[in-house]
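User: Please take a close look at a single residue in this model and at the parts of the fold around it.

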Amino acid sequence: MNENVRIVFVLDGLNDSLTNRQIYFALTLTSYLFTVFVNLTLILTVCLDQTLHQPMYVFMCNLSFTGICGASSFYLKLLSDLLADAHVITYTGCLTQMFISYTYIFCQLSSLTVMAYDRYLAICQPLRYWALMTSQKVALLLLLTWCLSSVETAVGLALMARLRLCSHHIPRIFCTNWEVVKLSCSDTSANNLYGITLMFLHSMQVIVILVSYVQLVRSAARSQEDQKKFAQTCLPHLVSLLVFFASLLFDTLYSRYGGSSMPALQNALAAEFLVVPPIVNPIIYGMNLKQIRSRISLRINFRPQS
């Protein structure tokens, strides 16, 4: 670990894009600002409106906050590299970027699981919902989401930090755990086992969510009101889950088992889980949920009386 601290990694993912640096910088900055804007709009709308201080909207704010954190861990370094001649990052900087981005990943999955549980209680056990989903329980679920995600990330980074590295070139535009592990000339069996274990556990987590949605569909079919509630609150959550998990699963499998052809396409697809979900999630919830959409429209159209 002490030897690794002095390492400076070279990010080779931008080497093919130097001729269009200004264009990429403008597009990247616009995408980042838009991501922050839509997520902050959702967060502020919920915080400033007392009627939206409910568990479902609190969990949405947490999802948007994690989206800002994950996007910032990627965009800020990328914007800096697009203005620099050398695309390098220190070992400590690489660890920091990975800690934020992987905590974002696990927080997103945990948040989506908590939101599925919340919807299950609201639709399948509406009479007991407020007794089960108290403010103390909401706070506990949020605390567990962040603590467990941080521990998962810390364990993975600790396993990586013990490795002796034989190369300093990362063929990506940002740091990832597996790309650094591949630079090692030490035994990486523990890293492989931990990565496969996390993939299995979180895949089971997604399957549990999908199974719960089968129960939600059955419950919603009982009445037209439940069907409307399912369409407004559960479908956006399901779309968010599928978008995030599909992009994350593709990047994980491709980075481990894919080839090295088409590096530009590989880098673009690798960054998808840090770019697409933080933009898509607040738009889906803001457009589909009437309560959020009406509050945003009300604040945009508000004019103070003279």
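Analyst: Arg 162 is partly exposed, with a relative accessible area of 44%, a class that lies between buried (under 20%) and exposed (over 50%), computed with a 1.4 Å probe on protein chains only. The model is predicted, so local features need pLDDT of at least 70 and side-chain atom pairs count only at pLDDT 80 or more, whereas totals for chains, interfaces and linings use all residues. Residues are numbered from 1 along each chain as its sequence is written, and side-chain values use heavy atoms, with hydrogens and water left out.

Arg 162 sits in the loop between helix H5 (135-161) and E3, where helices (H or I, at least four residues) and strands (E, at least two) are DSSP runs numbered from the N terminus. Leaving aside neighbours within four places in sequence, Arg 162 is in contact with Asp 187, Ala 190 and Asn 191, contact meaning heavy atoms within 4.5 Å. With the side chain of Asn 191, the side chain of Arg 162 makes a polar contact at 3.0 Å; such a contact is a pair of N or O atoms within 3.5 Å, and within protein one must be able to donate a hydrogen and the other to accept it, while residues adjacent in sequence count only if both atoms are side-chain atoms. Asn 191 is itself among the buried residues of H7. The C-alpha atoms of Arg 162 and Asn 4 are separated by 8.9 Å, although the two residues are 158 residues apart along the chain.
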